[in-house]
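Open the model in your viewer and colour it by chain. The stops below can be selected one after another.

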Number of protein chains: 2
Amino acid sequence: MTDPTVLKLVSSNKCFQGLQNVYEHSSNELKCTMKFAAYLPKNDSQETLPVLIWLSGLTCTEQNFITKSGFQKYAQEYKIIVIAPDTSPRGCKIEGETEKWDFGEGAGFYVDSTEPKWARNYRMYSYVNNELHEVIRKNFTNGDDLRVSIFGHSMGGHGAMISFLKNPNKYKSVSAFSPISNPINCDWGKNAFTGYLGSNVENWSAYDSCCLVKQYNGPSVEILVDQGTEDNFLKSNQLNPDNLVKACEDTSSVRVNLRNQEGYDHSYYFITTFIGDHFEFHAKYLKN
Amino acid sequence: MTDPTVLKLVSSNKCFQGLQNVYEHSSNELKCTMKFAAYLPKNDSQETLPVLIWLSGLTCTEQNFITKSGFQKYAQEYKIIVIAPDTSPRGCKIEGETEKWDFGEGAGFYVDSTEPKWARNYRMYSYVNNELHEVIRKNFTNGDDLRVSIFGHSMGGHGAMISFLKNPNKYKSVSAFSPISNPINCDWGKNAFTGYLGSNVENWSAYDSCCLVKQYNGPSVEILVDQGTEDNFLKSNQLNPDNLVKACEDTSSVRVNLRNQEGYDHSYYFITTFIGDHFEFHAKYLKN
């Protein structure tokens, strides 16, 4: 077993004074070589910086967010380390793994699979919430406990929300762009959860934000959600942010600030427009 | 002959309140169908907005700048229309057109070819400086004369500088990121100019910034140039910004403000870091 905290630098580009790096490492959770991106702001102080984890959507790798969102300007401004993992294990040679764009490679859905075919490798939930934390602590925060928040887009918005709701003491804050808010009630989610978790729908609720909100027992939290009104996946009922708002009505401890952004779609043109707001939001929690 | 000012909308994404559009049209200069990008800021006034033309580097299409530079934030802030054409004709079926990454498709070098094989299509100089102006005027400035500036990256930085120096009355200002400053004295330029213009080097100087500076007879101008010190193409002598600075020493009317940016490379991570400065620079000239 190799040590997942041992990193190989794949690329390094200076950007807004800091470094946009990409690393490779051997993941024990996923049993494969994984890449992830790390933006390291220029930091003249001795202070350990807080961390923000970004989870990307379907079909993405670690590249999409770092090349298209323009986040580095804000990461440097607020002095926050940003970690962007890939969206699934890669190259595991499971039959059918690369056939579909919404299942298998590029579509790990941030769950720990239980179906035998996928269970050995498709453990993105544990990868993001456990192994990646250890990697960050050892390599980027001098071994200090993490001050860490999480956000993401679409499938990654779902991933960020379930990660937070299941680990209220691990994360300071959570936000999402156009998240898949209620996967057990949309086609993408039903398809992926059937594949990774089996056909017993009772096992799905552990990875559904609308269900998790009802069981949430952490401190009071506000989730920031930006949603474009011209998002085709909103119109085809894959995202269902209203279900999340409704689920929160029955609880006093989770509030959703759903901002319907007029005329925006599902693309990175939407994300880049509001990414600065999300840094401002997380900085409030990470810097206190 | 079709009308090049008739546009077909290929895509439209809302971004920073404005629209990032991509259009297709039939170019008479290039005798093929061309795509170009147009960012149209939200404009509540009746005022006709100024225009900034971006020329991309080798291998790029109209997509690279609009997805990776993050310019839209500044284009909206300063209310400047931004036009980004493709970097060569496409699909002309000339033998060898797609074989090399630094010649033919994706590598038009912003010259009007004279070699028979290329002369019918490879006329990017006239496309950018004449036809595209007409397209912009008809479609985006209500037929008004243009207030227009030009900038670009690498091959496109060269393109921007020669376009300005040959047309001082057409453009208000010019800037460049890591431009090929002296193509007649670097491998990329020698190779491309031989192919497009023939082996008689006397015909090359009409498209070389260092030569054009010496013949420049327009109003006094300052060219803003940003250059990363860790740029591999700087190190391999493809860019030669010092030759440009030297050429300007012999003239009083062209000054180069060469900013050597410590640690930055040739990538869009470099461009996005300083793109805001270039908008501030051009806005001074476009808004007066």
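How many residue pairs are in polar contact across the interface of chain A and chain B? The rule finds eight, counting pairs with both residues at pLDDT 80 or more; this cut-off applies because the model is predicted.

**Stop 1: the interface**

Select the residues of each chain that touch the other. The contact takes 23 residues from chain A and 23 residues from chain B. Between them, the two chains bury about 1,800 Å², with 53% of that area on carbon and sulfur atoms.

No salt bridge will turn up here, as the count between chain A and chain B is zero. To see which elements of chain A form its side of the contact, select β1 (8–15), α1 (63–68), α2 (72–78) and α10 (268–286), each of which gives two or more residues. By class, that side of chain A has seven nonpolar, eleven polar and five charged residues.

**Stop 2: the largest pocket**

Next, select B:K68, B:H153, B:H266, B:S267 and B:Y268. Of the 24 residues that line the largest pocket, these lie nearest its centre. The volume of this pocket is about 450 Å³. Both chains take part in the lining: β1 and α1 of chain A, and α1 (63–68) and α10 (268–286) of chain B, each supply at least two residues. The lining divides into nine nonpolar residues, 14 polar and one charged.

**Stop 3: the second largest pocket**

Move on to A:K68, A:S267, A:Y268, A:Y269 and B:T67, which lie nearest the centre of the second largest pocket among its 18 lining residues. α1 and α10 of chain A and α1 of chain B each supply at least two lining residues. Three residues of the lining are nonpolar, twelve polar and three charged.

**Stop 4: a salt bridge in chain A**

Over all chains, the count comes to 26 salt bridges. For one of them, select A:E29 and A:R123, whose closest N and O atoms are 2.9 Å apart. A:E29 lies in the loop between β2 (18–27) and β3 (32–40) of chain A, and A:R123 in the loop between α3 (116–119) and α4 (124–140), so the pair ties together parts that are 94 residues apart in sequence.

Terms used:
Residues numbered from 1 in each chain as written. Chains lettered and ligands numbered in written order. Predicted model: local features only at pLDDT ≥ 70, side-chain atom pairs only at ≥ 80, totals over all residues. Heavy atoms only, no water. Contact = heavy atoms within 4.5 Å. Buried area = accessible area lost by both parts, 1.4 Å probe. Salt bridge = Lys/Arg side-chain N within 4 Å of Asp/Glu carboxyl O. Polar contact = N/O pair within 3.5 Å; in protein donor to acceptor, adjacent residues only side chain to side chain. Helix = DSSP H or I, 4+ residues; strand = E, 2+ residues; numbered from the N terminus. Nonpolar A, V, L, I, M, F, W, Y, C, P; charged D, E, K, R; others polar. 1 Å grid on protein atoms, 1.4 Å probe; cavity = no way out; pocket = protein on both sides within 12 Å on 5 of 7 lines; lining within 4 Å. Points joined across faces, edges and corners; volume = space filled by probe spheres on them.
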